[in-house]
Each structure stands twice: as structure tokens, then as C-alpha cells.
Amino acid sequence: MATNAVLKAESRTDRGKNAARRLRAAGRIPAVLYGHGEEPRSVSIRARELDHLFSRIAVESTLIQLELDGRPGGRVLVREVQVHPYKPQVLHVDLYLVHEGERINVEVPIRLVGNSEGVREGGILDHIRHTITVRCLPDQIPEAIDVDVTALKIGDSIHVRDVVLPKGVELHDDPDDTICTVSVPTVAALETGPEAGEGVGGEVEPELVRKRSAEAEEERRLPYGG
């Protein structure tokens with residue numbers, strides 16, 4: 001995956017809750033930059049720039065070119081995003097510094113493609129797992145993993161173990177997890193009230209029931225052998 005996403009960050013020395021609050025009040029987000037064998041560094045990012053970046057990338061799987069204090073800071077992955085419990089606001093970000101030649105674990109979006117046979121027959125396609133964890137080199141991170149659902153019939157499922165991965169990409173997830181399934185549709189109960197039309201549940205059926213009940217009563221009264 002080519003890196004075309006850029007994020008600017010500034011080093012910071014102040015830490016703690018009070019420092020984080022001051023940063024957010026100034027329109028910046030506290031973050032931590034770390035990596036294999038690297039000493040964690042505290043940085044901050046402009047909130048608007050971060051929101052704009054997150055709105056146009058797959059956050060979990062996109063390599064980002066970091067500019068730290070105006071200089072190239074290497075390529076990073078977003079490892080964790082802490083958000084406000086009830087406001088659309090990012091509170092903190094963890095950035096993982098990726099080294100060349102280092103195989104990493106990364107979550108990749110799952111993209112369902114095709115028109116399921118079961119859906120054409122009236123079934124419902126349930127998309128259960130939306131990401132899959134794989135292990136690969138940074139430049140091999142897929143943009144998404146396509147899963148073809150065309151052959152799925154009602155009652156069929158696709159599991160993680162069924163996914164075909166690109167060359168050099170290894171599965172790093174539970175192979176028994178279900179990605180999607182085609183289930184039987186739920187049928188709504190038919191109306192039986194007086195507002196229903198003629199036919200099943202309407203005015204014709206009660207009359208028919210009463211007629212059959214009368215005939216059964218008459219047959220019961222007849223002597224055996226009629």
C-alpha cells in the first residue's frame with residue numbers, strides 16, 4: 001500500500017491530565033508515538049487536521065507519513081483512538097512507528113462483493129465481521145479484503161478461514177469466526193382484524209369457518225350410516 005496520507009505533529013514535554021486539557025482547549029490532540037525498540041515520545045496534532053485525515057482513510061490499515069517538528073518522522077499506523085464518551089471528539093491517539101522490513105499485525109476492512117444467490121431467493125445477508133487481522137510487511141498492507149458472496153445460499157456462511165489473502169499476507173485472526181451469513185427472512189404476522197381485506201385473514205375466511213362449523217354440527221346429529 002502506497003503512503004499518500006500525511007500528518008503533521010509537534011513534540012511536547014508537558015504531560016498529565018491538565019496538560020492534555022490545555023492542548024484540547026487550544027485545538028490540538030495529545031498523542032504518543034512509539035515503535036519496536038523506540039522510546040515513546042509525546043506529541044500533539046491539530047484536531048482539525050486529524051479529523052480531516054480520518055474522514056478520508058481507513059484508519060486501522062493506512063500507512064501515514066508523519067512530519068514531526070517540520071521534518072520527516074517516518075511512517076506510522078494508528079493503533080488506538082480514544083474518543084469522548086458522548087461527544088464527537090478525539091481525546092488521544094496512539095501512533096505506531098513502522099520500520100522497513102518489519103512484519104506487523106494490522107486490521108484490514110472486509111468488503112463484501114457480488115449478489116448472493118440466497119438474497120435473490122429472498123434471504124437476508126448479515127455482515128457480522130467488518131475487519132480481519134493480518135500480518136505482513138508495511139508495503140503489503142491491503143486496502144481491503146474482498147469476500148465474494150455470490151454463491152451463498154440461504155443458510156450458508158463464510159468464515160475467516162475461507163478468505164483468500166494476497167501473496168505475502170498471513171492470517172492473524174480466529175479462523176472459525178463468521179464473516180457473513182445468509183439467513184431466512186422473518187415473515188410478519190398476517191392481519192386478522194376487521195380492516196383486513198377479503199381472503200386470508202379477511203371477511204371471507206370467518207364466513208367459511210362458520211359454514212364449516214355448521215356442516216360439522218349437522219353431520220354430528222345424523223345417525224351413523226346416514
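The questions below concern a predicted model, and they move from the whole protein to single residues and pairs.

Q: What makes up the protein in terms of helices and strands, and how much of the protein is buried?
A: The predicted model has four helices and 13 strands. Of the 226 residues in the protein, 34% are buried, a word that stands for a relative accessible area under 20%. The protein exposes about 14,300 Å², and carbon and sulfur atoms supply 51% of that area.

Q: Why is strand β2 called largely enclosed?
A: Strand β2 covers residues 28-35, and six of its eight residues are buried, so the strand is largely enclosed by the rest of the structure.

Q: How do you know that β2 pairs with β3 and with β6, and which way do the strands run?
A: Two strands pair if at least two bridges are found between them. Six bridges join β2 to strand β3, residues 41-46, and these two run antiparallel, with S42 in β3 as the bridge partner of V32. Five bridges join β2 to β6, and here the strands run parallel; the bridge partner of A31 in β6 is V93. Both counts, six and five, meet the requirement of at least two, therefore both count as pairings.

Q: What lies between β2 and β3?
A: The two strands form a hairpin with five residues between them, and G37 in the turn has a positive phi of about 80 degrees.

Q: What makes β10 and β12 the edge strands of their sheet?
A: Four strands form an open sheet with mixed pairing, in the order β10-β7-β9-β12. The edge strands are β10 (145-148) and β12 (170-171), each of which pairs on one side only. For β12, two bridges join this strand to β9, residues 131-136, and the two run antiparallel. In β12, L171 is the bridge partner of V134.

Q: Why is the contact between R103 and E170 called a salt bridge?
A: A salt bridge requires a side-chain nitrogen of Lys or Arg within 4 Å of a carboxyl oxygen of Asp or Glu. The side chains of R103 and E170 meet at 3.6 Å, N to O, so the pair falls within the cut-off of 4 Å. The pair links distant parts of the chain, with R103 in the loop between β6 and β7 and E170 in strand β12, 67 residues apart. R103 is partly exposed, with a relative accessible area of 28%, and E170 is also partly exposed, at 43%.

Q: How do you know that D173 and R129 form a salt bridge, and what parts does the pair tie together?
A: Their closest N and O atoms are 2.6 Å apart, which is within the 4 Å that the term requires. D173 lies in the loop between β12 and β13 and R129 in the loop between β8 and β9, so the pair ties together parts that are 44 residues apart in sequence. R129, at 17% relative accessibility, counts as buried, whereas D173, at 23%, counts as partly exposed.

Key. Residues are numbered from 1 along each chain as its sequence is written. This is a predicted model: local features need pLDDT of at least 70, side-chain atom pairs count only at pLDDT 80 or more; totals for chains, interfaces and linings use all residues. Side-chain values use heavy atoms; hydrogens and water are left out. Buried means under 20% relative accessible area, exposed over 50%, partly exposed in between (1.4 Å probe, protein chains only). Accessible areas come from the Shrake-Rupley method with a 1.4 Å probe; for residues, only the protein chains shown count as cover.
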